[in-house]
Amino acid sequence: MNKTTVVAAAACAAIFLPACASAAESFRVDAPTSVLVDGASRPGAVAVSSDGRVRIVSADPLSRVEIEWKASFGPDAAVFGGDFERTYGDAAWRPVAGAADAPRGGAMAWYCLVSDAGRVDGYGVEVQPGAFAAWEVFPDRVRLSLDCRAGSDPVELGTRTLDACRIVTRRGRAGESAFEAGRAFCRVMCPRPRLPSGPVYGYNDWYCAYGKNTAENFLADAEFIVSLVKGEEVRPYVVVDDGWQHGRQGSAPAKASERWKGVNEKWGMEMDEVARRVKAMDARPGLWYRPFLPDDGLPNEGVPMDPTDPGLEGRIRSDIKRFVGWGYEMVKIDFITYEWCGKWGMDFAKSPVVRELPKWRDRSRTTAEVVRGLYAAMRDAAGDKALIIGCNAIDHFAAGLFELQRTGDDTSGEEWARTRKMGPNTLGMRAIHNDTFYRVDGDCFGLAKPGAIDWRVNSRWLDLLARSGTALFVSWRRELTTPEIREALEAALRRAAKAQPTGEPLDWTRNVRPARWRFGSEEREYDWE
């Protein structure tokens with residue numbers, strides 16, 4: 001059984017302190033200059049308290065709230081922020097003066113860091129909010145936008161009060177690096193992260209099989225990887241990705257209620273037996289799961305499902321309890337944003353809802369409350385017996401509930417350009433989240449076929465993952481291994497099997513793919529070209 005560690009951090013006062021040293025005064029979070037509800041002033045509808053809590057009361061349906069404060073940032077100020085679910089190779093620090101020209105209109109999900117006059121200040125909302133929150137920073141003001149809709153329709157609160165979010169801020173310290181300031185602020189936003197008890201590393205078969213897997217091949221490749229770390233105190237994870245489930249192949253896909261109860265005809269082994277064989281290798285079994293798949297079992301092709309379906313939560317709880325009963329100690333949950341909104345995170349600006357959605361059955365709760373509740377149900381069903389790794393998961397809901405989170409879009413076992421774009425960016429730009437929100441998973445190191453990716457460049461990604469203090473999963477077919485590769489894989493896995501501090505990207509404030517890194521007392525530079 002895997003135990004988890006809960007880490008606490010002290011809360012900070014919710015007082016906005018301008019990053020610019022020339023600003024005459026600080027300003028209070030409970031004294032905004034403007035509060036608009038659906039573009040109009042609606043006195044009494046929104047209350048912002050001195051502890052940063054934003055509460056909304058409205059007898060009429062409402063969609064959005066915008067709150068602004070005056071500020072004064074210098075001409076050289078730079079800003080950096082979050083994403084609603086994961087990065088897509090473009091996370092970066094950008095000038096405040098030109099932030100509106102940045103991807104997604106300069107809107108930053110959940111939080112932002114502002115570097116100005118030798119200090120880095122943080123502005124954000126605490127994890128597990130009741131509304132989607134996005135920040136915009138201008139030379140003369142800061143704006144917080146809250147999406148309070150139920151799907152793409154106005155929420156109907158009735159007589160209840162919506163606890164939309166709790167605003168938190170942190171004033172940077174003189175001489176503190178942007179990385180130190182960012183990690184400290186993450187601890188403010190997430191005072192109680194749920195973390196693995198030790199290193200997380202091992203095997204995942206996606207980037208060497210891409211779903212064309214069988215139990216026999218999976219176990220043989222997994223046994224090879226496990227053999228490289230015999231004797232390590234921390235046992236590796238061995239994760240079956242997409243391809244095992246009933247209905248994965250064939251002309252009549254199974255309904256979602258049946259899909260996760262058993263295997264398809266080509267897999268060739270029941271999943272409880274797979275788990276037993278993995279444990280016999282002295283490894284920990286894990287598996288991939290797509291919980292929000294529509295009940296017809298067909299690929300949804302961007303047609304969103306209704307997450308307020310009254311039967312959905314019960315089905316998800318039943319599935320995860322079944323996986324735990326089979327003996328699995330990790331569940332990788334995937335497509336859990338795309339399935340209900342029909343879009344990928346690269347399209348998200350001020351909210352993950354960027355298209356018209358079918359009307360939901362329940363419009364009394366916000367989208368954030370509904371989706372957050374389903375995440376909590378997954379966590380409850382897994383209990384302390386299995387880690388959860390979020391993939392395509394809403395970032396501020398994963399923090400505090402899931403032990404691990406995929407922070408970037410897919411790397412590749414076939415195309416170096418994709419790994420180069422996604423991997424170094426997400427690992428460098430989300431290193432501040434590692435062990436402050438969750439354990440970061442920058443995605444796998446893998447190879448699907450001989451010669452697909454030059455070993456010289458692919459091995460750099462392996463080396464960075466192994467040293468970074470984040471999760472390391474390799475996707476490797478045993479027959480692709482030369483003596484040189486075997487030696488490098490063993491060294492990387494044994495390094496990842498031991499607890500390490502989070503690697504610090506030294507050039508992340510100016511390089512979209514950080515190349516210079518500090519690992520404890522050692523510095524290394526990677527050539528991503």
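In the predicted model, the charged end of Arg141 lies over the ring of Phe138, 3.9 Å from the ring centre, where a charge is taken to sit over a ring if NZ of Lys or CZ of Arg is within 6 Å of the ring centre and within 35 degrees of the ring normal. A charged end is likewise placed over a ring for Arg290 and Phe335, again with 3.9 Å to the centre. This is a predicted model in which local features need pLDDT of at least 70 and side-chain atom pairs count only at pLDDT 80 or more, while totals for chains, interfaces and linings use all residues. Residues are numbered from 1 along each chain as its sequence is written, and side-chain values use heavy atoms, with hydrogens and water left out.

Rings of Phe, Tyr and Trp (its six-membered ring) are paired if their centres lie within 6.5 Å, with planes under 30 degrees apart counted as stacked, over 60 as edge-to-face and the rest as tilted; by this rule there are 36 aromatic pairs. One of them, formed by Trp110 and Phe132, is tilted, with 6.0 Å from centre to centre and 50° between the planes. This pair links distant parts of the chain, 22 residues apart, Trp110 belonging to strand β10 (residues 108-116) and Phe132 to strand β12 (residues 132-138), where strands (E, at least two residues) and helices (H or I, at least four) are DSSP runs numbered from the N terminus. Both Trp110 and Phe132 are buried, a term that means under 20% relative accessible area, with exposed over 50% and partly exposed in between (1.4 Å probe, protein chains only).

The rings of Phe445 and Trp476, by contrast, are stacked, because their centres are 5.4 Å apart and their planes at 5°. Phe445 is in strand β23 (residues 445-446) and Trp476 in the loop between β24 (472-475) and α12 (483-496), so this pair ties together parts 31 residues apart in sequence. Phe445 is buried at a relative accessible area of 0%, and Trp476 is buried at 1%. Trp476 is also among the residues touched by Asp221, together with Tyr203, Arg477, Arg478 and Glu479, not counting residues up to four places away in sequence; contact here means heavy atoms within 4.5 Å. Asp221 itself is located in helix α3 (residues 215-227) and counts as buried because its relative accessibility is 6%.

In helix α5 (residues 271-280), the residues Met271, Val274, Ala275 and Val278 are buried. The buried residues of α5 pack against α3, β17 (237-240), β18 (284-289) and α6 (312-326).
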